[in-house]
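This briefing is meant to be read alongside the sequence and the coordinates.

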Amino acid sequence: MKATDQQQKIINYESGSLVIIANPGSGKTYVISEKIKLILPRIMEFKGVIAISYTNKASNELKQRCFKDGLDPKGSFFGTIDKFYLREIILPFGKMLFGIPYNDISVIKLKDIDEERQEECLWIADLAGGETLSKTQIKILKKLFLGGILVLETISLLALYVFDHSIACRHYLKARYTHIFIDEYQDCGLEQHQIFLQIKNLGLTAIAVGDANQSIFQFSGKSSEFLIDLGKRKTEFKLFPLDFNHRCHPSIVNYSLLLLNSEAELLQSKEICVFEKQVVGKEDQIASWLNTAIPSISKQFAVAEMHKIAILVKNGRTGSIINQNLSLAHKYFENTPLDEDFTMWSGIFRDLLNLCFDRTLSRTSFVESFIDTNANRKTAIAVLQLIKELEVGLNIKSPAVDELIKQFIAIAIALHPAGTNKRSIELLRDILATPIMLDVYRPAQSTEVQIMTLHKSKGLEFDAVFHLDLCEWILPQKAINSGKTEFPDLTQDVNLHYVGITRAKKCCVLIHSTKRTNFKMEIKPGNPSEFLQFDALADKRTISPH
Ligand SMILES: Nc1ncnc2c1ncn2[C@@H]1O[C@H](COP(=O)(O)OP(=O)(O)OP(=O)(O)O)[C@@H](O)[C@H]1O
C-alpha cells in the first residue's frame, strides 16, 4: 500500500505535536502505525511510545501492524486508556501517595461495592467529569485503595490526582516515553483530555487522532468537544485533515456525507450501492429475508467469504432475535458477565480466551502488555509455555474445567500476582462450563456472517453491511416527555448510523420492518426511521431488488 500525499505529510511531520481530524476509512490506523515505525528505531533502548487505542482489539491490530516485521517495541506501552491509568500511573505511584494496600487491588464497579462501603461512596454516582476531588473524597478513595479497591467510575479522576500530586510519576513518564498517541479522540473524557495535555507539557510529542462524527459514547461522559478543542490550539498542535475514504464505494461515501450535511460536496458515482428494504413482519421475518437475500447479494457484489458480511443492530434485543432465527451460518458477538467485570484478572482471562481461539493474535504481544519481557525473560518464556498448554487444553472436545482454571490462574499469577480475585475465577468457571458462552470468544469463521451491535462495529470494515433497526422509536431513539416528543440522543444516534453505514466497502442495506419489538418485548407497528425521511438522502439509495 502506498501512502497518499495527505498521509505521507502526516507520517513525515516531526516538528511537534499534531491533531489529525480524520474521516471514516481514511487510514488512521495506517498513519499511526507508520509514524510509530519511524520513531521507534531512533529512540534509546529503554524509551518507548504510549499508544492508546479505544479497545483491546484495536490495540492488538495496531501492535500487529507496527511489529509484524520484527520491529523492537522497546519500552512502549500499547493498550486502552484504563490500562494506562492503572499500569503506569495509579498502581505504581498511588502506592507512594497513599501507602501499600493491605489487600490485592481489584477494580470494581460502584454498583458491586459491598453494602458496608456503599454509603460513603454515594457521591461517586453523581460524578459528571471535571470535578476536583475534595479532601473527604480523597480520604475515601485512599481508604478504598488501601483496602484493595479501585472503583471503576473514579479511575480517570484518580489517575489525574496521582499525576498532579506525584512528581515521581511525572518524572517517570517523561524519562520513559517520547510520544503519546491517542486514537479515537472523539470518545475521550475530560480527565483523559487533561492528562493528555499535561503529558504533552512534560515534553512528550502528543498525537491525537479522531473523527467528531464518530463520537458514540456520550452517555458515558465522552465527548467530541475535546478533539475540537485540540483543533483550535493552533500554536500547540499542527492540524492535519485526513479525509479521503479508501474503504467505501463512492455512493456509500456520498450517502454518509449527506446524512451529516445536506449540502456536502459529493463524489462521482455511476451506481448506487446503498439499498433500502422494508420487511413485512417483525424481526424474525427480517431473519428469514436475510436467509435468502444474503447469498444473492454476496453473489452480486462478489463477496468471497461470509465473515466479510455484517448484520448490525442497535440493541441486544434485535441481535438475540436475529441470532435465534437466522439459519445461515453466523456468529453473534454478545457480552458475557466476564466482559462486564473490570478487574485485572477478569481482563487477563478475557484476553487469554480471545488469544487461545484467535490464531491471528500474538502471544508475545499479549505477554508484553503486562510485563517488560526484556527485564523478565524467564517469566515471559514460562508464561508463553503456559499459554501454549492452555491453547491445547481449551481446544480439545470436552476440556476438564478444573484443570483449565488452574492453568488460567497460573498465568494470571505470573502476570499480575496482586490481582488475585475470587469473583473473576467464578465468572471464568461459568464461561468454561457453558459451551454457548465459551463460543462467544471464538472469532467468526470465514463461513460465518457476523452479527453485532453498531457500537461494537466501530473501527471494523465489511464488504457488505445489513444495517437493521432503522425503525421509528429505535434509531433515532424517541421518547415522550410531559406529552412532548423528544429525541434524547439525536447527535449520538446520527453518529451511530454514520458509523454503521461507513463500515461497508461494497454495499450497504438499510432495513426496517412493518412491526417491531419494544423494550417490554411487546410487538408494535413499525414505521421507517426519521433518518430515512431526510430529503437529501431519498435519491441516494434504491429499493433492494431482493
Ligand atoms: N493509501 C491507501 N491506499 C489504499 N488503501 C488504503 C490507504 N490507506 C488506507 N487504506 C485502506 O482503507 C481502509 C481503512 O483504513 P483504516 O482501517 O486505517 O481506516 P480508519 O481511518 O482507521 O477507519 P475508521 O475510522 O472508519 O475505523 C483499510 O482497508 C486500509 O487498508
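**Pro24 and its surroundings**

Leaving aside its neighbours within four places in sequence, Pro24 is in contact with Asp211, Gln214, Asn245, Arg247 and Thr502. The model is a predicted one, and in it Pro24 is found in the loop that lies between strand S1 (18–22) and helix H2. Pro24 counts as buried because it has 24 C-beta neighbours inside 10 Å, where 20 or more are required.

**The shell around the ligand**

- There are 19 residues around the ligand, and those that come nearest are Pro24, Gly27, Lys28, Thr29 and His246.
- Sorted by class, the shell around the ligand is made up of nine polar, five nonpolar and five charged residues.
- Helix H2, which covers residues 28–39, gives the most to the shell around the ligand, its share being three residues.
- Domain 1 (5–82 + 165–242) and domain 2 (250–334 + 444–543) each supply at least three residues to the shell around the ligand.
- The unreviewed UniProt entry places the feature "binding site" at Ala22, Asn23, Pro24, Gly25, Ser26, Gly27, Lys28 and Thr29.

**Lys28**

- Lys28 lies in helix H2, whereas Pro24 is found in the loop between strand S1 and that helix.
- With 22 C-beta neighbours inside 10 Å, Lys28 reaches the count of 20 or more that the term requires, and therefore counts as buried.
- Not counting residues up to four places away in sequence, Lys28 touches Ile20, Ala22, Asp183, Val209 and Leu242.

**Domains**

- The domain assignment of the protein gives domain 1 as 5–82 + 165–242, domain 2 as 250–334 + 444–543, and domain 3 as 339–440.
- Between domain 2 and domain 3, the C-alpha centres lie 35 Å apart.

**A parallel sheet**

- An open sheet is formed by seven strands, whose order is S11-S12-S10-S13-S16-S9-S19 and whose pairing is parallel.
- The edge strands of this sheet are strand S11 (330–332) and strand S19 (542–543), each of which pairs on one side only.
- Strand S10 (residues 309–313) and strand S12 (residues 449–453) run parallel and are joined by four bridges.
- Ala310 has Gln450, in S12, as its bridge partner.

Key. Residues numbered from 1 in each chain as written. Predicted model: local features only at pLDDT ≥ 70, side-chain atom pairs only at ≥ 80, totals over all residues. Domains from an automatic or database assignment. Near = placed C-beta within 6 Å. Helix = DSSP H or I, 4+ residues; strand = E, 2+ residues; numbered from the N terminus. Nonpolar A, V, L, I, M, F, W, Y, C, P; charged D, E, K, R; others polar. UniProt positions renumbered as here; feature names shortened; annotations may be inferred. Buried ≥ 20, exposed ≤ 12 C-beta atoms within 10 Å, placed from the backbone. Contact = placed C-beta atoms within 7 Å. Pairing = 2+ DSSP bridges.
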